[in-house]
Structures are given as C-alpha cells and as structure tokens.
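Hi everyone, thanks for coming. Let me put the model up on the screen so that we can walk through it together.

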Amino acid sequence: MTTGTLTPMFAALADETRWSILTALGEGDASATALAGRLPVSRQAIARHLSVLQEVGLVEPVRAGRELRFRVVGAELSATAQKLDAIGREWDRRLAAIKEIAEGL
C-alpha cells in the first residue's frame, strides 16, 4: 500500500456516518436498508456512503438472494493498520535516537 492509496481512505473515514456504517458492518453483513434502520440516516444517504467506502476498498457488495448486502474488507483495514504501525515504529526509532543524543550532551 502506498501513501497515495491512504489519502482517499482517510478522506473516506473522515466522515462520522461512514465510521458508524463500518462499525455496524463489523457486526455482520447488512443491506443499505438494514443500515438505514439502525442509523439516523436515509437509505439513499447510506447508499452514497457505502459507495464511497466501496471505492476505497473498505466494503464490498455481496449478493444474498435478491438482496445486496455489504461486508467490511478486513484485509484493507489490516493493511492500513500495518502501514500506520510502521510509521509509528519509525517515529519511535527517531525519538529514541534524539533522546540518546540529548542525554549524551
């Protein structure tokens, strides 16, 4: 995953409703209609939010009979978490080096 792919993902996650949708989908697959019943947002708005989440690869549609349900793509979330963890480890390494230099003065 490159930095270029993280920017649209973070932009998609910047919306509180999309976080709520991901949280709800974390409990199990659901249709836009079912999500609209659980969240204070219209079905049309849910569909637009799902489209944004699908564009960045965080959710995928799954056909269940005549119903279209959505599920979270855990691999994308894990890859993003790993990238953030790598950034955090690099900053920890840099700060430890600065501390070592400062203590040596």
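I'll talk about the sheet and then the salt bridges.

A word on the source: this is a predicted model, where local features need pLDDT of at least 70, side-chain atom pairs count only at pLDDT 80 or more, and totals for chains, interfaces and linings use all residues. Residues are numbered from 1 along each chain as its sequence is written, and side-chain values use heavy atoms, with hydrogens and water left out.

So, the sheet. Three strands make an open, antiparallel sheet in the order β1-β3-β2. Because β1 (30-31) and β2 (59-64) each have a single partner strand, one side of each is left without a neighbour in the sheet. Between β2 and β3 (residues 67-72) there are six bridges. Strands here are DSSP runs of E, at least two residues, and helices are runs of H or I, at least four, all numbered from the N terminus; two strands pair if DSSP finds at least two bridges between them.

Now, how many salt bridges turn up in the whole structure? The search finds eight, counting a side-chain nitrogen of Lys or Arg within 4 Å of a carboxyl oxygen of Asp or Glu. In one of them, arginine 71 meets glutamate 60, with the closest N and O atoms 3.9 Å apart. Arginine 71 lies in β3 and glutamate 60 in β2, so this pair ties together parts 11 residues apart in sequence. Asp29 joins Glu60 and Arg71 in a salt-bridge network.

Finally, arginine 93 bridges to glutamate 90 at 2.5 Å between the closest N and O atoms; both lie in helix α5 (residues 74-104), three residues apart, about one turn of the helix.
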